[in-house]
Amino acid sequence: MLDPTEDLSLYQLRQATMADFAFAEALLTHDNMVGYYRRHNLVWRGDLFFSSWRESENFILQADGTPIGVMRVTGGKTTRCISATCRSHKATADGAPARSCSIRRTAGRGRVGLPNAS
């Protein structure tokens, strides 16, 4: 949940470049999906993610200049899908990386993923 006392000017959203691809795939999307892939005996297909990356509008969420999330807009003229994956830029009390969450919204119906234990 958003902390109302947090300085939101620390956050920026910028257009992603190919230089952001490794961050988007390895650090966020693949890591967030690994549990799902294991549960369903699926294999991560980096080639398919790359193809999807090239066909999508991709944005990087930054906190104080450090990338912490990815927002992707996909679809055609009649259907648009917005998916966002981010990792908190704050560590937990024991110094471990904070948890992450995913949000996906398609054609007026939304699905929000609960924080992963990553």
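Guide: Let's start at W53. Skipping its neighbours within four places in sequence, W53 is in contact with A16, T17, M18, D20, F21, A24, N58, V70 and R72, where contact means heavy atoms within 4.5 Å. Some ground rules before we move on. This is a predicted model, in which local features need pLDDT of at least 70 and side-chain atom pairs count only at pLDDT 80 or more, while totals for chains, interfaces and linings use all residues. Residues are numbered from 1 along each chain as its sequence is written, and side-chain values use heavy atoms, with hydrogens and water left out.

Buried is under 20% relative accessible area, exposed is over 50%, and partly exposed is in between, with a 1.4 Å probe and protein chains only. Helices (H or I, at least four residues) and strands (E, at least two) are DSSP runs numbered from the N terminus.

N58 belongs to strand β2 (residues 57-63), and with 5% relative accessibility N58 counts as buried. Its side chain reaches the backbone oxygen of S56 at 3.2 Å, a polar contact, that is, a pair of N or O atoms within 3.5 Å; within protein, one must be able to donate a hydrogen and the other to accept it, and residues adjacent in sequence count only if both atoms are side-chain atoms. Again leaving aside neighbours within four places in sequence, N58 is in contact with R14, Q15, A16, W53, M71 and R72.

The side chains of D20 and R14 meet in a salt bridge, 2.9 Å from N to O; the rule asks for a side-chain nitrogen of Lys or Arg within 4 Å of a carboxyl oxygen of Asp or Glu. D20 is buried at 8% relative accessibility, whereas R14 is partly exposed at 28%. By that rule the count comes to 2 salt bridges. R45 and D47 also meet through their side chains in a salt bridge, at 2.6 Å, with R45 partly exposed at 43% and D47 partly exposed at 45%.

Back to the rings. W53 belongs to a cluster in which ring pairs link F21, Y36, Y37, W44, F49, F50 and W53. Rings of Phe, Tyr and Trp (its six-membered ring) pair if their centres lie within 6.5 Å; planes under 30 degrees apart are stacked, over 60 edge-to-face, and the rest tilted. There are 7 aromatic pairs in the structure. One of them, F21 with F49, is tilted, at 5.6 Å centre to centre and 40 degrees between the planes. F21 lies in helix α1 and F49 in helix α2, so this pair ties together parts 28 residues apart in sequence. F21 is buried at 14%, and F49 is buried at 7%. F21 also pairs with F50, this time edge-to-face, with 5.3 Å between centres and 90 degrees between planes. That pair, too, links distant parts of the chain, with F21 in helix α1 and F50 in helix α2, 29 residues apart. F50 is partly exposed, at 30%.

One stop on the way out: the loop between α1 and α2 holds N41. N41 has a positive phi of about 50 degrees although it is not a glycine, and it is exposed at 71%.

Stepping back, the protein has 2 helices and 6 strands, in the order β-α-α-β-β-β-β-β along the sequence. Buried residues make up 24% of its 118 residues.
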